[in-house]
Amino acid sequence: MDALLTPEFRALSARLGQDPLRVQGPGGNTSIKSDNVMWIKASGTELADAERKPIFVAVDRDAAKAEASGAGDGSCKATVLDKTNTLRPSIETTFHAALDWPVVAHTHSIAALVHAISPEGRLAAAQKLKGLPVVFVPYAKPGLPLTHEILARITPQTQIIVLENHGLICCGTTVADTAAIIEDVEVRLAIPEHARPATPGGPDLEGFERLSESWMAFDARITTLALAGSYYPDHVVFLGPALPDADHDGNPPVILSPNAGVYLRDGATSSQRAMIRCLSDCLSRLPHDWTAAAIGTTAEAELLDWDAEKYRQALAARR
């Protein structure tokens, strides 16, 4: 059964996970399927570890597809083939199972995110990807809601899915095919970084580390965006809604203090560090004439009060 987990599939997964411009921390997931068996990254694990740790779990694909159609709670925990395996399938197992392609890769590509968080960017992406088998899917909570939005829009030919305020899905018949599609999309959507403002030394903040991402605190437009809301799910999961401009109740893992710096709380996880870099990488590429649309407080609340994401946070906190 694990013969599906070829060196090529593991290598692609690891390569994506080790590139912070494609995947950050435990975000993203890959899957490979044949007949009724599908291997998918387990929740809370990191694609970067694909060649050195057992991060994949095998599921009954038909059972996972049934959960996508309403049979079960969408967690796909009951679809795991090895009942002694304590890993949970990714919260996005249902759409992997429902997509009729042998290899599926879902990334939180910075190039895709820059376009996906912006109304102007989505229009630009549609032009840049013209001629490719692509669909655009509006924002939905990860898991079943997102799966339903995807299934409502794809055709059997769809191989590229741009997820509003979330990321990118690429599908192929082989690992090499999927890797080639990913690279084509990345090249088409690539946007260079803007020149970052000078970052003068800032004050120390007890209990925090001042980060290299502090440039965001010295750019008025970027500061406004960073404090205004959250632009994709993993930001909410690991950093909370938006960024606060001051400490409160000893809770925020990251603080953006205008004209002072960006500060990471001592003891923060590697996932939290990765997510503040993600925000920096994303906003540093947002064209000056594009706006950014946050997911909103209702969507944030749904993510913060979700058992599946609390589980993923708990695993990530061990790193």
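**Cysteines and nonpolar cores**

Cys-76 is buried, at a relative accessible area of 0% (buried is under 20%, exposed over 50% and partly exposed in between, with a 1.4 Å probe and protein chains only). The structure is a predicted model, in which local features need pLDDT of at least 70 and side-chain atom pairs count only at pLDDT 80 or more, while totals for chains, interfaces and linings use all residues. Residues are numbered from 1 along each chain as its sequence is written, and side-chain values use heavy atoms, with hydrogens and water left out.

A search of the whole structure turns up 0 disulfides (a disulfide being a pair of cysteine sulfur atoms within 2.5 Å). Cys-76 takes part in none, as the nearest cysteine sulfur, in Cys-171, lies 16 Å away. For Cys-278, the closest cysteine sulfur is that of Cys-282, and the 6.2 Å between them is too far for a bond. Cys-278 is also buried, with a relative accessible area of 1%.

Turning to the packing, the largest nonpolar core holds 32 residues, and Met-216, Tyr-232, Leu-243, Ile-276 and Leu-279 have the most contacts inside it. Such a core is a set of buried Ala, Val, Leu, Ile, Met, Phe, Trp, Tyr and Cys residues joined through side-chain atoms within 4.5 Å. Helix H10 (270-283) is one of the elements that each supply at least two residues, and H10 gives the most, with 6 residues. Leaving aside neighbours within four places in sequence, Ile-276 is in contact (heavy atoms within 4.5 Å) with residues including Leu-211, Met-216, Leu-243 and Val-262. Apart from this core lies another, of 31 residues, among them Leu-12, Ala-14, Leu-168 and Leu-189. Helices (H or I, at least four residues) and strands (E, at least two) are DSSP runs, numbered from the N terminus.
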